[in-house]
Protein chains: 4
Amino acid sequence: MVVILEKNISSEQVDKIIHTLESYGFQVHKSVGVEKTILGAIGVQPDFDTRKVKILDGVADVYRVTTPYKLTSRNFHEENSLIKIKDVEIGGNQIALIAGPCSIENEDQIFRLAKIVADSGAKILRGGAFKPRTSPYSFQGLGEEGLKLIRAAADEFNLLVITEVMQIDHIDLIGKYTDIFQVGARNMQNFALIKELGKVDKPVMLKRGIAATIEEWLMSAEYILSNGNRKVLLCERGIRTFETYTRNTFDLSAIPVVHKKSHLPVIADPSHATGIRDQVPPMARAAIAAGADGIMIEIHDDPENALSDGPQALLPNTFLKLVDELKLIAQAIGRKI
Amino acid sequence: MVVILEKNISSEQVDKIIHTLESYGFQVHKSVGVEKTILGAIGVQPDFDTRKVKILDGVADVYRVTTPYKLTSRNFHEENSLIKIKDVEIGGNQIALIAGPCSIENEDQIFRLAKIVADSGAKILRGGAFKPRTSPYSFQGLGEEGLKLIRAAADEFNLLVITEVMQIDHIDLIGKYTDIFQVGARNMQNFALIKELGKVDKPVMLKRGIAATIEEWLMSAEYILSNGNRKVLLCERGIRTFETYTRNTFDLSAIPVVHKKSHLPVIADPSHATGIRDQVPPMARAAIAAGADGIMIEIHDDPENALSDGPQALLPNTFLKLVDELKLIAQAIGRKI
Amino acid sequence: MVVILEKNISSEQVDKIIHTLESYGFQVHKSVGVEKTILGAIGVQPDFDTRKVKILDGVADVYRVTTPYKLTSRNFHEENSLIKIKDVEIGGNQIALIAGPCSIENEDQIFRLAKIVADSGAKILRGGAFKPRTSPYSFQGLGEEGLKLIRAAADEFNLLVITEVMQIDHIDLIGKYTDIFQVGARNMQNFALIKELGKVDKPVMLKRGIAATIEEWLMSAEYILSNGNRKVLLCERGIRTFETYTRNTFDLSAIPVVHKKSHLPVIADPSHATGIRDQVPPMARAAIAAGADGIMIEIHDDPENALSDGPQALLPNTFLKLVDELKLIAQAIGRKI
Amino acid sequence: MVVILEKNISSEQVDKIIHTLESYGFQVHKSVGVEKTILGAIGVQPDFDTRKVKILDGVADVYRVTTPYKLTSRNFHEENSLIKIKDVEIGGNQIALIAGPCSIENEDQIFRLAKIVADSGAKILRGGAFKPRTSPYSFQGLGEEGLKLIRAAADEFNLLVITEVMQIDHIDLIGKYTDIFQVGARNMQNFALIKELGKVDKPVMLKRGIAATIEEWLMSAEYILSNGNRKVLLCERGIRTFETYTRNTFDLSAIPVVHKKSHLPVIADPSHATGIRDQVPPMARAAIAAGADGIMIEIHDDPENALSDGPQALLPNTFLKLVDELKLIAQAIGRKI
């Protein structure tokens, strides 16, 4: 922590501030300049609230100089984390392709779509059984019945399963069926939930909250890592801005930033980011070009009758054509899909 | 729902769109203008996803004309809702005053502060026993021990208790001690939690998510009301914007807007909105002047050693002086504190 | 400027960074901690681009510790600036009241409204002759004819005039008629314009850009002050956020923050902030309660036929009633209107 | 315009609203549903302020159903606009490459960099002679001397010139030297300036304001087109959001949206969007993949001593390597650089 003192501060006040910092457990270095005196406070705990110092008399400004996250940081783990799930590895040169419907609707639907996912070369099938919906009147998912269906469909086509968990008392149930837990954007700071997911032995894909800073996102990942689970995938899915012609603003600049700050892989979700079918392909291409380690795309073969998010689902043919383009872009930047 | 068709659309296409709308259960009225044809689709369900129509060929734009919330709407309940909790009533001419520490820290602390709260004329004591913290390394609250302490302190000074609930399996426990459940900003869209709180027989104060639109906030209230609990208080606590000189942007314009759209009372929380002590009094005054039905203020008598959010806590004397000013402002607009 | 070095940096690298800093003209102090080395670089010029240091090898982070504005800063001028214009003084205990129509429309209109403004006790008449409009097809103002009318109306009722200037080659013309130049939100960073306004001998009211940080706003004020004109009024008029139920988010928390950082008076404009008549009174009250040094309110006696912004104009009676309420609130916080 | 009436409105009120709409020049169609009555008001002028209707008694909501821009709209001009400048064409299958320094600093610098630009295959040289700077104390550009230098350098290497214009009285001067006028983000709504640029016979590249909606951006383009100049290039350069780890949020989703709404080409500027060198290549790649019609990249061969924005300039070798990657990505999506 660096503490900038106000001009014309008395030496008694400086001493008092130093004393307070020491009482908080810091080791203090003082630099006296012509105009400003600066204190370096070494030994800050990641949870120290710097506002405690900011409100002291004579303090002009305070800067935290250590990141508040540790295990998530690239300082802690310099190499990219490789997350292995059965025969799939995420975070290396190979870009992961995840696809499937928004919601699992019935046996026939999930089997039909699983086949398309497998045909595309993707290794992971997505589908929601418990759905977070803004409206209490919307379809809330098939529950355990849906979990059974997606597991069976995935097994039939040799795919992994990713599905969302929304509450602690569903973790065991969902864990019986899924290979990867997904935490949705709205639950990114449901600390009770993510703390528990830190104790399971399966990977967790943590979506960025719609208004979460990159730092808060990494702090939520830290909840999972610090509870013991090191298998965390981050997922960028669009942030909320003033723009209304788009549903969200897909923050692709977050990808290189996260890669610099953290060793965890980043998946991109252009379907939720854009919310509308015809914007998914350009944004999927852009995500790969920006360096995403994986991409998750919603598909449906009868989107008019989909029980949720039909308008953002790609039709099977569009999806297969897009995957071909993504392969070329991956190649252009020296990676593979 | 109003559907604007594209110029130069063929009459076959118009018929096809009308047919699709009817298949979704709408009754359709057609207005043909010189330049544009407009369809009025009557009978929309609150959970209908208008994007389903937006992606149809020949559709230029779609507008939902009914609010997606019903029970929360002032159309449904024209009078202000009065929330009665023992001898306190919120939502009428009397403005509710809620105060107390961020966290319950120990018996002595909560009793000392409860006395100050009672001295100010406030009727409700706040204090957290389970704390949502951005960092997994921060103080997470005293748990049930804290609940016992705040209940005892409140009873001693004839106050009501409000405290936060973060997970479903704590509802019963917290319900034994509190008079009002608080749902924090980060859990505003923890749908599993708020659905359960719709089934309890105690008021719930629902904080606005840091990036929640007013509409989403009212939709989350709808989750509680539609599950049976009509005693909902809304709480504005600042939204996230691009500004960095302030912690959040306190959205006081939300107060008159919510009053127009909904019958539910709105509480204002200037402590979390500003995050720094010296901005709390001006923003508390502004909230009352803007028409808030209640105000919640954090106080502490030893903020340097507070276990959480000390920098935003008012000292007892500043608090008591502020309450005097708030009384004058309430009077200026024809209300009482 | 404080420069945080990366862990495990070699001493050669540290020397190289220090050397670079010195070549930029800084005097450098080094603090070596257990984990981190921190350099204090004293003597930074206000226009130094800290990214130049951020990209050096071995640098983890950089913090500017001096504000980039000087003359605007309260450090430079500790007392509140009092802006005197004829017999009116802004920035002291008396709160300035500014009112009038959005646009000057014709002689009769501006005289009728000037009378109402004078009746309310306000001392300053607003009205636009050159209008910045989002659409090229909208009414763009009466031009010099409008300036003549507002000057005559103001003189008749012993009022001051404030009107907007949008381009450099209008400064002389407008200067012949107005007492205060207004710079609109869209021109806050029209540096060519504000530089010229730094050379005139009349006060300038600088509106905050719709997405300007407080720091950028103060930097634009610095353009005016550093060119010689010390009579600057700041005006908060709402910022752009994700919320769509309100036109802008009125950032009242900016008021106490600006008062802390700067000596310049802050005016609040609830009419443009909310954009809709019935939200103006609560937000006007809130602005006074938050500590604004002045308030600017749009009025019209025939808003249905107003040539611009009729929907946000208060009717004369509502306006006069509001002024009475504002007086009581001013009194409650020890000020006067 | 569609007008939704309130439930339980009397037929007298409906008639009064219809009468008002007709007095504004609309032709009105009425649809009476079970719950709601909807009025379709045909014939709206692009500059009509819908708030005028929103505030009428009995009106629940109002939706504008025509876009406020006309000439800019793809409805007006279905094919992509091709902007021809000498032997360069922008807006077709070929992606335009623009590169050069932030500021023109001296003869040697601009000639050295022009050579690199030409070597890369780019056809357009950028460089600022008049610089908009947040601080009045920063380098403000070489002025006409800079214009002469960039023109000479461009001619030497057979390149076109693009440079920024900030004020009306510079248009003639700059027009003597440049091939394309650039309007910066801060001047996007400097209506006086863009109106004048609508009268010149050279292309204008209009940068999106940092907080401008896509609609406002297209409205500003409309100012130029409606004054006679049809050669407008749009340029996305990042928007302001809550995120602080990035300088701006590069809104690549704007690209497909603008392509849908308008016929004008869209250039992407990853240098200003990210503000830091190592994020430029991934974002440049993403912009091409998202469908940009051109890309503008800042380069410098001595960024440590650049007079502005050195930290975001690519070194020549990095730039040349990036161009190779961009060519492969262009190829992957069926285009050329």
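This report describes strands, a barrel and domains in a predicted model.

Residues are numbered from 1 along each chain as its sequence is written, and chains are lettered from A in the order in which they are written. Local features need pLDDT of at least 70, side-chain atom pairs count only at pLDDT 80 or more, and totals for chains, interfaces and linings use all residues.

**Chain A.** Chain A has domain 1 (2–63) and domain 2 (83–332). Such bounds come from an automatic or database domain assignment. The C-alpha centres of the two domains lie 44 Å apart.

**A buried strand in chain B.** Strands are DSSP runs of E with at least two residues, numbered from the N terminus. Strand β3 (residues 37–42) of chain B is largely enclosed by the rest of the structure, because six of its six residues are buried. Buried means that 20 or more other C-beta atoms, placed from the backbone, lie within 10 Å of the residue's own. On one side sit B:T37, B:L39 and B:A41; on the other sit B:I38, B:G40 and B:I42.

Strands pair if DSSP finds at least two bridges between them.

| Strands | Bridges | Direction |
|---|---|---|
| β1(B) and β3(B) | three | antiparallel |
| β2(B) and β3(B) | six | antiparallel |
| β8(B) and β9(B) | three | parallel |

B:I4 stands opposite B:I38. B:V28 faces B:A41 in β3(B).

**The barrel.** Eight strands of chain B close into a barrel, in the order β7-β8-β9-β10-β11-β12-β13-β14, with parallel pairing. B:L125 has B:V161 in β9(B) as its bridge partner.

Note on methods: A residue is buried if 20 or more other C-beta atoms lie within 10 Å of its own, exposed if 12 or fewer, and partly exposed in between; C-beta atoms are placed from the backbone. Helices (H or I, at least four residues) and strands (E, at least two) are DSSP runs, numbered from the N terminus.
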